[in-house]
Amino acid sequence: MLALDIRNVNKTYPNFQLRNVSFQLEKGYIMGFIGANGAGKTTTIKSILNMTRMDSGEIHVLGRNMAEYELELKQEIGYAMGGVDFYTRSKLKTLTNVIKKFYAKWDEGTYRNYLRRFKLDENKRIAELSTGMKVKYSIAIALSHGAKLLILDEPTSGLDPVARNELLDIFQGLVADGEISILFSTHITSDLEKCADYITFIVDGQIVHSGEKEEFKESYLLLNGSAAQLNQVKDRLISYRMNSFGFTGLIPASDFDNSWNIKAATPSLEEIMVYYAKKEDEYV
Amino acid sequence: MYNLVMKDVRLAVPPFFFLFPLLFGALMLIPGWIYFVVPLYFCWITIPNVFNQFKAQNDLMFTSVMPVAKRDMVKARVTLVAGFELLHIVIAAIFGSISMSLYPNVTYYFFPPNMGFWGLNFVMFAIFNLIFIPMFYKTAYKFGWALLAAVTAAMLFAGITQWIGIQSPVVNEIFYGTGAQQVRLQAFILISGIVIFSAFSVIANRLAVKRFLQVEV
Amino acid sequence: MNIAISNASDKPIYQQLFEQISAQILKGELENGYCLPPIRQAAQELSISVITVKKAWEALERYGLIHTVTGKGCFVAELSADRKLEIRNEMILKQMLLDTSYYKSFGLTLDEAIEMLKKVY
């Protein structure tokens, strides 16, 4: 079953456009949603949550159309955002008591468990929590109301490596039984190298690739060659940079020809993002 | 809907704002004062503070991810505002009647706090709501201009009716009189005021819903 | 079963998994019928993604090193000594192909390469 199925979403803003955004997330997996700031990650997420009106397109969550079953489906969606705070002066206890009223399947036992596991003190105010603790609190809330799809918008931004790793381990634990699926937007790609099963890559409002992580990386090659070799391949490169040794450039693996005799290696997610960003710059 | 109102009450409205109706109401004890000011304090102080809380605490985002209809979000907010207004008027009216029995011999230059006056207050809040709520829901976020326009209209209404009440002998007779005929008329004005208040709040809610459905969170 | 995964390595993680487990099976460290941990559990314990483990398990299955019993899990397959040898050689050859191209890039002759190999082996 698909936890999330986005088909041909279009949305035009005065100075930005989502064009035919489509991707699918299989139930029980983690999908990393990557792209530069302003590429359309947050707009896409807002479309999923029905917070912006799409010009066209369809979004299905857990097999049902979001436009038709928004309220039922929101019962099953958990949302956490790094860096944006709600009602920071309230105590966790107060906030939880308000939130739980909205969810039919609220499970107090689960909530208590996660408070203990995440070492969250109910009597603290939101403002007193660290960034990582806030994300954990959001996750505790989401899991206690029985969320099956977690949408995490930049949950690791502003976290130190230890807190980040801890969160990533938590995410992996969540999908371990195959019931919960996670869509995880970030621009910190190293987070995803470890835990993501799928990658969706958005550039300037368009999905460049959505699929399994290793396949995604292997669909590109990072070339290292001499300045003389550059002319031979220049047109096929997504972008490149020169240095005193020659050039380094990114190329779709399908365009690579072994007979060129150029050193090629599988790039990291970060390298793919960087070279795409460089391409964008050239056209601006 | 009820949960949404309770959310606002428990999270966004600082508790002492529930004491304000008492505090403002106590101002009714000033003999012969311009009592229109008392309910206006609500528009001047409570509304901007509470709506600023919504804005600063990202209420719109917070609520939008929860399983609630946009329609209900507006309805709950209108209920909160109208409820607050009702609370202010009721408490002020209680203090008003205390004030009247405390000082039986005061000559009222401004409207005395009788039923007719409270009817006018309901109309004043009706106008406030009709302007403030739909204007606010154009963004569901910025409230500055909406508040300015609504408060101006409410104050204009208060000012003009008070001026007519002083200038026109007929109107003066109705609002300042204590005879049986006048009291009946004042009761009628109060009921009309409540009807207008309810009707305008409902219309404000409808207009606001229509606008809010277009809002991109 | 011992697994050591390096995030810094050039090799994809599923490749590392596959190589380490297949070596252990071929050397007989993992016996016939040994039950591999469930995919999702292994992913969580190793802090790697589910798909990565899945890919490694699939590769093992393709080589006939393990077999899946639906509902029960993955088990190390019963392999004859001959078959084990065959698979081992196949895998070694693959690696050698990569290694020799590296030697060739320095212009080493076969004899030179053998000579050097003898020294370090």
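This is a predicted model: local features need pLDDT of at least 70, side-chain atom pairs count only at pLDDT 80 or more; totals for chains, interfaces and linings use all residues.
View 1. Domain 1 of chain C and domain 2 of chain C have their centres 24 Å apart, taken over C-alpha atoms. Domain 1 covers residues 1–79 of chain C, and domain 2 covers 80–121.

**View 2. The interface between domain 1 and domain 2 of chain C.** On the domain 1 side, 11 residues are in contact with 10 residues of domain 2. About 870 Å² is buried between these two domains of chain C. Carbon and sulfur atoms give 64% of that area. Three residues stand out on the domain 1 side: C:Leu26, C:Tyr63 and C:Leu79. Together they supply 76% of the area that domain 1 buries against domain 2, more than any other three residues.

**View 3. Polar and charged features between the domains of chain C.** The salt-bridge count between domain 1 and domain 2 of chain C is 0. Polar contact is found for 1 residue pair across this interface, with both residues at pLDDT 80 or more. The side of domain 1 that touches domain 2 is made up of 6 nonpolar, 2 polar and 3 charged residues.

**View 4. The interface between chain C and chain A.** Here 13 residues of chain C are in contact with 20 residues of chain A. The buried area between the two chains is about 1300 Å². Of this, 46% comes from carbon and sulfur atoms. Within chain C, the residues that lose the most area to chain A are C:Arg40, C:Ser47 and C:Ile51.

**View 5. The salt bridge between C:Lys55 and A:Glu212.** The count between chain C and chain A is 1 salt bridge. It joins the side chains of C:Lys55 and A:Glu212, at 3.3 Å from N to O. Across the interface of chain C and chain A, 12 residue pairs are in polar contact, both residues of each at pLDDT 80 or more.

View 6. By class, the side of chain C that touches chain A holds 6 nonpolar, 4 polar and 3 charged residues.

How values were computed: Residues are numbered from 1 along each chain as its sequence is written. Chains are lettered from A and ligands numbered from 1 in the order in which they are written. Side-chain values use heavy atoms; hydrogens and water are left out. Domain bounds come from an automatic or database domain assignment. Contact means heavy atoms within 4.5 Å. Buried area is the accessible area (1.4 Å probe) that two parts lose on being put together, summed over both. A salt bridge is a side-chain nitrogen of Lys or Arg within 4 Å of a carboxyl oxygen of Asp or Glu. A polar contact is a pair of N or O atoms within 3.5 Å; within protein, one must be able to donate a hydrogen and the other to accept it, and residues adjacent in sequence count only if both atoms are side-chain atoms. Ala, Val, Leu, Ile, Met, Phe, Trp, Tyr, Cys and Pro count as nonpolar, Asp, Glu, Lys and Arg as charged, and the others, Gly among them, as polar.
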